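The following note sets out numbered comments on the structure shown below.

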Amino acid sequence: MCSSDLVTSYPRDFGDDVLQVMRASPRICRYLHAPAQSGSDAVLARMNRGYTVGEYEEFVGRVFAALPDATLAGDIIVGFPGETDADFEQTMALVREVGFAQTFSFKYSPRPGTPASAERKQVPEDVKAKRLEELQALLLTQMAAFYQSCVGKTFDILLEKPGRYEGQLIGRSPYLQSVNVTALGARIGDIVRVRIIEARPNSLMSELADSAEPAQMAIR
């Protein structure tokens, strides 16, 4: 069972040295949260993100070359001032290309005092809402496909809290998914090996693998 993951890892700060450490360290989860924000270079420049779409794609390629079992999560903002229909379509194309396991998506909201809030080319709210709806439909499809791909696999999960039913506990997979398992005798903080038997919209159902006894965490 891995003990940590890397979140909000910007491409410009994520070198091959970090990937090699991850590759050599089974205690680090193969789950990376790397914000993309947009698939348009013009929008990224106005956001002052400091990287281009090409550099983000190069980063994704390096991740999967070093860690074939990795998954990527990200952040996407739609409706940033000046975003055109073409810009949005470029974002959708990037999302399709990367195939995120999970992504947090938002409509742009003006923040007083920021340069973007003073931009004249604000995107109308109804356009932002329509773009977000379209984006989220794609993201949900990608997440469902990833969850379904986990069925039949065996994971070590860290038990975190009681489930809804007697004897049921909820843990986290190496990819930070919520996993339900009936594990009589197990305790919060135990690590148990499970086999995924069903994918649900926001969680996985599992059974104990090989009736193994709960393994104790090395550090509590």
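1. The largest nonpolar core holds 36 residues, and those touching the most other members are Leu 32, Tyr 56, Phe 59, Val 95, Val 98, Phe 100 and Leu 135. A nonpolar core is here a set of buried Ala, Val, Leu, Ile, Met, Phe, Trp, Tyr and Cys residues joined through side-chain atoms within 4.5 Å. Two or more residues each come from helix 1 (16-24), strand 2 (28-33), helix 2, helix 3, strand 3, helix 4 and helix 5. Helix 3 contributes the most, with 6 residues. A second, separate core has 18 residues, among them Met 143, Tyr 147, Cys 150 and Tyr 175.

2. On provenance, this is a predicted model, in which local features need pLDDT of at least 70 and side-chain atom pairs count only at pLDDT 80 or more, whereas totals for chains, interfaces and linings use all residues. Residues are numbered from 1 along each chain as its sequence is written, and side-chain values use heavy atoms, with hydrogens and water left out.

3. The protein contains 5 helices and 9 strands, in the sequence order β-α-β-α-α-β-α-β-α-β-β-β-β-β. These elements are DSSP runs numbered from the N terminus (helices: H or I, at least four residues; strands: E, at least two). Of the 220 residues, 45% are buried, where buried means under 20% relative accessible area, exposed over 50% and partly exposed in between (1.4 Å probe, protein chains only). Among contacts between residues at least 6 apart in sequence, 68% join residues at least 24 apart; contact means heavy atoms within 4.5 Å.

4. Helix 4 (residues 85-98) has 14 residues and spans 20 Å from first to last C-alpha, close to the 20 Å expected at 1.5 Å a residue; the expected span is 1.5 Å times one less than the number of residues. Its buried residues are Asp 87, Phe 88, Thr 91, Met 92, Leu 94, Val 95 and Val 98. Viewed down the axis, the buried residues of helix 4 fall within an arc of 160°, so they line one face of the helix; the arc is that of the directions from the helix axis to the C-beta atoms. Asp 85 and Glu 97, on the other side of helix 4, are exposed. The packing partners of the buried residues are helix 2 (41-47), helix 3, strand 3 (71-78) and helix 5 (125-149).

5. Thr 91 counts as buried because its relative accessibility is 1%. Beyond its neighbours within four places in sequence, Thr 91 is in contact with Ser 38, Gly 39, Ser 40 and Ile 76. With the same exclusion, Val 95 is in contact with Ile 76, Phe 100, Leu 135, Leu 138, Leu 139 and Gln 142. Just after helix 4, Gly 99 takes a positive phi of about 70°.

6. Aromatic rings of Phe, Tyr and Trp (its six-membered ring) pair if their centres lie within 6.5 Å; planes under 30 degrees apart count as stacked, over 60 as edge-to-face and the rest as tilted. The count by this rule is 6 aromatic pairs. The Tyr 56 and Phe 59 rings have centres 6.0 Å apart and planes at 55°, so this pair is tilted. Tyr 56 and Phe 59 lie 3 residues apart in helix 3 (residues 53-66), about one turn of the helix, and both are buried. One aromatic cluster is formed by Phe 146, Tyr 147, Phe 155 and Tyr 175.
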